Amino acid sequence: MRVSIIMGSISDREIADKVVAKLIEFGVSYDAKVISAHRAHQELMDYVKEAEKESAVFISIAGKAAHLGGVIAALTTRPVIGIPVKSSTLDGLDALLSTVQMPSGVPVATVAINGAENAAILAVEMMAISDEGLREKLNNFRTEMEEKIKNTEYKYEG
């Protein structure tokens, strides 16, 4: 199984790169596309129907109106994670609200504005429910984070 990443525009590439880097770190396969929910609706419908045959989770990356995650969620029963993108308009609040305010019955799990790494980790957690190898990688990841914190020292240099 893999994760499908869909960007609303190529300007979301920087966020997608961070998602991909984290998925690679966990050894999770992915595919990534740029498909606008507003400008290429039929292409998005066709892609989601085909991709859900191999994809366990979809990650949408969109700014401004950010309807992409909701449209994907309407097209599949696979989990959808939305990453609202900070744009020049409203610092991403518009995208956050568009992504998180879904109608009952069509959820989109939403991470922080520009929250690429958490979106990738959440996708891995979802897939780890049925994959012991991913569970082990997640446990190791958490242990490494804990060790970094434990080994961090603060020294006043004033």
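This is a predicted model: local features need pLDDT of at least 70, side-chain atom pairs count only at pLDDT 80 or more; totals for chains, interfaces and linings use all residues.
Two packed helices are described by the angle between their axes and the distance between the axes. For helix H2 (residues 41-51) and helix H3 (residues 68-75), the angle is about 50 degrees and the axes lie 10 Å apart. H2 is therefore oblique to H3, and the crossing of the two is right-handed. On the H2 side, the contact is formed by His 41, Leu 44, Met 45, Val 48 and Lys 49; H3 contributes Leu 68, Val 71, Ile 72 and Leu 75. By class, the residues of this contact comprise seven nonpolar, one polar and one charged.

H3 is largely enclosed by the rest of the structure, because seven of its eight residues are buried. The buried residues are Leu 68, Gly 69, Gly 70, Val 71, Ile 72, Ala 73 and Leu 75.

Thr 99 belongs to helix H4 (residues 93-100). Its relative accessible area is 5%, which is under the 20% cut-off, so Thr 99 counts as buried. A polar atom of the Thr 99 side chain lies 2.8 Å from the backbone oxygen of Ala 95. When residues up to four places away in sequence are not counted, Thr 99 touches Ala 66, Gly 82, Pro 84, Val 108 and Thr 110.

How values were computed: Residues are numbered from 1 along each chain as its sequence is written. Side-chain values use heavy atoms; hydrogens and water are left out. Helices (H or I, at least four residues) and strands (E, at least two) are DSSP runs, numbered from the N terminus. Buried means under 20% relative accessible area, exposed over 50%, partly exposed in between (1.4 Å probe, protein chains only). A polar contact is a pair of N or O atoms within 3.5 Å; within protein, one must be able to donate a hydrogen and the other to accept it, and residues adjacent in sequence count only if both atoms are side-chain atoms. Contact means heavy atoms within 4.5 Å. Axes are lines fitted to C-alpha atoms, for helices over the stretch in contact, and angles run from 0 to 180 degrees between N-to-C directions. Angles under 35 degrees count as roughly parallel, over 145 as roughly antiparallel, 65 to 115 as roughly perpendicular and the rest as oblique. A crossing is left-handed if the near helix is turned anticlockwise from the far one by less than a right angle, and right-handed if clockwise. Ala, Val, Leu, Ile, Met, Phe, Trp, Tyr, Cys and Pro count as nonpolar, Asp, Glu, Lys and Arg as charged, and the others, Gly among them, as polar.
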